[in-house]
Amino acid sequence: MVKRVLSKGRKRKSHHLNDPAMTNKKDDKKEIEKVLPVTLLSGFLGAGKTSLLKHILETKHNESSNESFKCAVIVNDVAELNIDKKLIDQSALVQSDEVIAMQNGCVCCSLKGDLVDQITEMAKKKSFDYMIIESSGISEPSEVSGIFAECEDDHDHDEEHKNAIVLSDIARLDTCVTVVDAATFFQNIDTVILGGNNETWPKLMAEQIEFSNVIVLNKVDLVSESQMSKIKDHLFMLNTAAKIITAQNSSIDVMEVVNTSLFKVDELKRLSLPIEEEVEKECCKKSVLRGESACCKRARTFDSGMSQVIVSSKKLPKTRHETRFGITSFVYKARRPFHSTRFHETFVEKYFVFHDVEDDEEDDEEENGAGEEEGNEAEDEAPQEIVGEEKLSKTEKVKLLQEEGIAKQNLRTKTFGNILRSKGFIWTAHTHDMMIVYGQAGNTVTMDMGEKWDVLDPKAWVGSEEEKAPFRENFADPYGDRRQELVFIGEKIDHKEIQKELDSCLLTDEEFALGVDGWKATIGDMFL
């Protein structure tokens, strides 16, 4: 049993793991040799937390030639589908790191007890050098930090907790990191949409910034120098003590956010106001313990005949974010591919600004590699209108992009409601064997080539049924795990309209009946 005692009275002396007082604890406490340092990654939806997590893990693994650095990872997603955990799982990092998924709730409220359990279990293993918790985009870091607080009750702690593990004895909060999306900062911070308790979700973003030791200002390549300066001024006003680091694609010096010992509870305590815990009804507790029945899920599933939308369960307690900020989520699923052109033109380009990272990298390489003489020759030969566009300054290009984004945002909000974030895996006819990783935050959409679908992994076909089971978890005839699986998070979002628009991008019955060879012949295959 894991017991966390909330602050009420006198603060006790901290019992470090080499303290003689620890000898009176239970056996598994004696075995723990050090306190596990923890970095908490926070940040609003789509800011780049998962990219930062992957960057940290990849960098630390590359630096550890003897593979001595082992990091435990907890990835939380407020939606029913944990996309971020799947993204981490795709990398080779899982061979030496342990990744735990926590979804369908938030670690700062409805999953707080589960978080304590997970941290405790991994800390007891004594096999990790570090832990990173990626909280959901709408979590409150001040609430998460509270679980690391030392017991302050006025009693004999060794006697009171002799049969329990106090989290602060085995893990410590080392660094609170908040990732901020520079491209959507002003758009988010200036919004005045109210949640259920007349609180705005920009307030949530502000709270995330306030409760941080390090602020990673990400996607700075999408704003001008003057805009970045204004954003930094705003960040400084919200948190004068935090260190601000600028980044593109969440690439930073990882030692700025790992093992810094920057977190000081007294300095941030003023921002962590006590909030009454929500109490689950007994029927909800029993429902969660036994797992939700198929009929309950059916009641909240909207089937169009081509796809399914699964809305949040009303039997589960509302998260604080839904109550305070009116933010909800749903999952879109389908078992037929998108028509690549229709999806791009009818959904992506119509309602969002598509950001092609590969094109940006190629442009940078061309700019850096081209000589002045070659540039002049190209300019002489190019059409006048193209030359004029290329002569635009970075500030002018950014301004045009932002104007386009505002126009699309207005159309998107009018049609669907306020989509803050959407992400997941998509299956297109012209990339049949490779999943596409889809991500949207604010006005921007990115689509990256992911891994092969599990149906093409030999481990799904060779070995015992038990060994094959993890790779066949999402199989359905005839195309295995190929599917659409998208999470949408937002305020007053119309899931019916979104489902209707996405369904129009799926292959029609006639197109679907053609099969793989027919798709390649009529739609194409990017690998042929």
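Ring pairs link F338, F343, F347, Y351, F352, F416 and Y438 into a cluster. This is a predicted model, where local features need pLDDT of at least 70, side-chain atom pairs count only at pLDDT 80 or more, and totals for chains, interfaces and linings use all residues. Residues are numbered from 1 along each chain as its sequence is written, and side-chain values use heavy atoms, leaving out hydrogens and water.

Q: How many aromatic pairs does the structure hold?
A: Rings of Phe, Tyr and Trp (its six-membered ring) pair if their centres lie within 6.5 Å; planes under 30 degrees apart count as stacked, over 60 as edge-to-face and the rest as tilted. The total comes to 16.

Q: What kind of aromatic pair do F347 and F416 form?
A: Their centres sit 6.1 Å apart, with 45° between the planes. That makes the pair tilted.

Q: How many residues apart in sequence are the parts that the F347 and F416 pair ties together?
A: Helices here are DSSP runs of H or I, at least four residues, and strands are runs of E, at least two, numbered from the N terminus. F347 lies in helix α14 (residues 340–351) and F416 in helix α18 (residues 394–416), so the parts tied together are 69 residues apart.

Q: Is F416 buried or exposed?
A: Buried means under 20% relative accessible area, exposed over 50%, and partly exposed in between (1.4 Å probe, protein chains only). F416 has a relative accessible area of 1%, so call it buried.
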